[in-house]
Amino acid sequence: MKELEERIRQDGTVKPGNVLKVDAFLNHQCDVSLFDQMGAAWAEHFAGKRITKILTIEASGIGIACMAARHFGNVPVVFAKKAQSINLDGDQYTTTVYSFTKQKEFPVIVSKKYLEAGDRVLLIDDFLANGKALRGLIALCEAAGASVEGIGIAVEKGFQGGGDKLREEGYDVDSLAIVESMDPETGRIEFR
Ligand SMILES: O=P(O)(O)OC[C@H]1O[C@H](OP(=O)(O)OP(=O)(O)O)[C@H](O)[C@@H]1O
Ligand SMILES: O=c1[nH]c(=O)c2nc[nH]c2[nH]1
């Protein structure tokens, strides 16, 4: 998506350790007009697929997933939680995920009430790097007997390989910007 690539070039910064900082518009301050355009792009890509639910993971996927839902007939958005809470009651599907930015393992939890057999799920997230977060969400869907109909990602770092492995396994991954290389010294970003 041209607008997203341009915004990354304009406002993104490349940090050491394979980190692309885009918090001016994507995952700290949120540009909702851009989120809306992203939702429209996924709706076009996944047109023809019947989606009954959008699943994402806290924190940064939530806003994007909610805007995307407006383009998928206002289907419910469920976000997997990364901590137990007294507000989480009843049976749960759980797994663990290693967080790229927090550099530690988190539990990933969804209430069985909100993910069910027969759900046709679109996974949405802000970033795809090694694919750990998506593997966690896929495991939750498998446990629930829900099908993963597609995966919509804002920014994929293609050089980390998580997206291509998922595509090889047959998942329909639609990443709106795929960074092929980035250099923290020059700040140069190349897209696929
Ligand atoms: O493909 P991966 O290697 O799993 O990386 C992608 C994940 O990393 C980030 O989550 P993180 O927990 O780092 O941050 P967040 O709490 O801001 O969502 C991002 O939001 C994705 O969920
Ligand atoms: O802001 C972010 N920048 C990144 O490079 C990244 N990779 C995974 N998750 C990420 N979040």
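Predicted model: local features only at pLDDT ≥ 70, side-chain atom pairs only at ≥ 80, totals over all residues.

Visitor: Which residues are around ligand 2?
Guide: V19, L20, K21, V22, N27, F100, T101, F127 and A129 are around ligand 2.

Visitor: Which strand gives the most to that shell?
Guide: Strand 2, residues 19-21, with three residues in the shell around ligand 2.

Visitor: And by class, what is in the shell around ligand 2?
Guide: Six residues are nonpolar, two are polar and one is charged.

Visitor: Backbone now. Where is the cis peptide bond?
Guide: Between E58 and A59, with omega at about 5°. A59 sits in the loop that runs between strand 3 (53-57) and helix 3 (61-69).

Visitor: What about N18, is its phi positive or negative?
Guide: Positive, about 60°, and N18 is not a glycine. N18 belongs to the loop between strand 1 (13-15) and strand 2.

Visitor: Why is N18 classed as partly exposed?
Guide: Because N18 has 15 other C-beta atoms within 10 Å, and a residue is partly exposed between the limits of 12 or fewer for exposed and 20 or more for buried.

Visitor: Then Q103. What is its phi?
Guide: Phi of Q103 is near 55°, again a positive value in a residue other than glycine.

Visitor: Where does Q103 lie?
Guide: In the loop between strand 5 (92-99) and strand 6 (104-111).

Visitor: Does Q103 count as buried or exposed?
Guide: Exposed, because Q103 has 8 C-beta neighbours inside 10 Å and the cut-off for exposed is 12 or fewer.

Key
Residues numbered from 1 in each chain as written. Chains lettered and ligands numbered in written order. Near = placed C-beta within 6 Å. Helix = DSSP H or I, 4+ residues; strand = E, 2+ residues; numbered from the N terminus. Nonpolar A, V, L, I, M, F, W, Y, C, P; charged D, E, K, R; others polar.
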